[in-house]
Amino acid sequence: MDKRLNDTVLANSYDAGHQSLSWTPGQPGGLLAGIDLQAIIESPDAAEIVPNLPVQPLYYALKQRGFEESLEILPLLSQEQVIHMADYEAWDGEDFSQKRMLRFLKPFAEVSAEQLFLRFSELDDEYQIATLEGVFVVHEVEHMYDLPHGVEDRAFRMPCNTVFYEIALDDKDDVDFVESIMETCREHNMRYAYALLSHATFNP
């Protein structure tokens, strides 16, 4: 999916002030300098403070500190904050980047599989599909031994035992992470996992 998903999404994004931000961090000033994440983490009211923070300065603070270094904050984000941050992270100019979106989601997996499922499954449907579109090569067979030669070594199996899929990514870390998305989807909502695989599938 090369361009923004549709003109309406783009227009709404700009109208709301949530267009993709170019990331060239310098010394923050004004509102962007006003969020002390460490102080928030140490506050007994963190769970009430974080969801009510304005998105852009909170995003800037997380980028400065590092999402991986701010795992205590991530479960406290509202889903609306996460969606806007995904919008900042996932676009390279006018192009949607699967790799950037996967990188954005990985810290949530470090918090827990449940956090990963929650944050991914509650993204806009278009984002969910765009993140995994073309990633899967699905094989429907009666038995694993009916798979094409060599595929059984790299295929993942769905619980029905007749649907297998390859993850067509070059980076092994990305392959492992996409499988962690599928695994947590199966654990939390099997019907959703099958639907996700179907909508994102490339059929050979």
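Let's start with one side chain: leaving aside residues up to four places away in sequence, Arg186 touches Arg157, Met158, Pro159, Tyr165, Glu179 and Ala193. Bear in mind that you're looking at a predicted model. Arg186 itself sits in helix H9, which covers residues 172-188. Is Arg186 buried or exposed? Its relative accessibility is 15%, and the cut-off for buried is under 20%, so Arg186 counts as buried.

Arg157 belongs to strand E4 (residues 156-157), which pairs with E5 in the antiparallel sense over two bridges. Within that pairing, Arg157 stands opposite Phe164 of E5. The hairpin made by E4 and E5 has five residues between the strands, and there Asn161 takes a positive phi near 70 degrees.

Now for E5 itself, where Tyr165 is found. In a regular strand, side chains alternate between the two faces of the sheet. You can follow that along E5: Val163, Tyr165 and Ile167 lie on one side, with Phe164 and Glu166 on the other, and all of them are buried.

Strand E3 (residues 136-140) runs antiparallel to E5 (residues 163-167), and five bridges join the two. Which residues pair up? Val137 has Glu166 as its bridge partner in E5, while His139 has Phe164. E3 is mostly covered as well, with four of its five residues buried.

Elsewhere in the chain, have a look at two helices. H6 (residues 98-111) and H7 (residues 113-121) pack with their axes 5 Å apart, at an angle of about 140 degrees. Why does that make them oblique rather than roughly antiparallel? Roughly antiparallel takes an angle over 145 degrees, so H6 and H7 count as oblique to each other. On the H6 side the contact is made by Leu105, Phe108, Ala109 and Val111, and on the H7 side by Ala113, Gln115, Leu116, Arg119 and Phe120. By class, that comes to seven nonpolar residues, one polar and one charged.

Finally, step back to the whole protein. Its secondary structure comes to ten helices and six strands, and 43% of the 204 residues count as buried. The accessible surface is about 10900 Å², with 49% of that belonging to carbon and sulfur atoms. Among contacts between residues at least 6 apart in sequence, 68% join residues at least 24 apart.

Methods: Residues are numbered from 1 along each chain as its sequence is written. This is a predicted model: local features need pLDDT of at least 70, side-chain atom pairs count only at pLDDT 80 or more; totals for chains, interfaces and linings use all residues. Side-chain values use heavy atoms; hydrogens and water are left out. Buried means under 20% relative accessible area, exposed over 50%, partly exposed in between (1.4 Å probe, protein chains only). Two strands pair if DSSP finds at least two bridges between them. Contact means heavy atoms within 4.5 Å. Accessible areas come from the Shrake-Rupley method with a 1.4 Å probe; for residues, only the protein chains shown count as cover. Axes are lines fitted to C-alpha atoms, for helices over the stretch in contact, and angles run from 0 to 180 degrees between N-to-C directions. Angles under 35 degrees count as roughly parallel, over 145 as roughly antiparallel, 65 to 115 as roughly perpendicular and the rest as oblique. Ala, Val, Leu, Ile, Met, Phe, Trp, Tyr, Cys and Pro count as nonpolar, Asp, Glu, Lys and Arg as charged, and the others, Gly among them, as polar.
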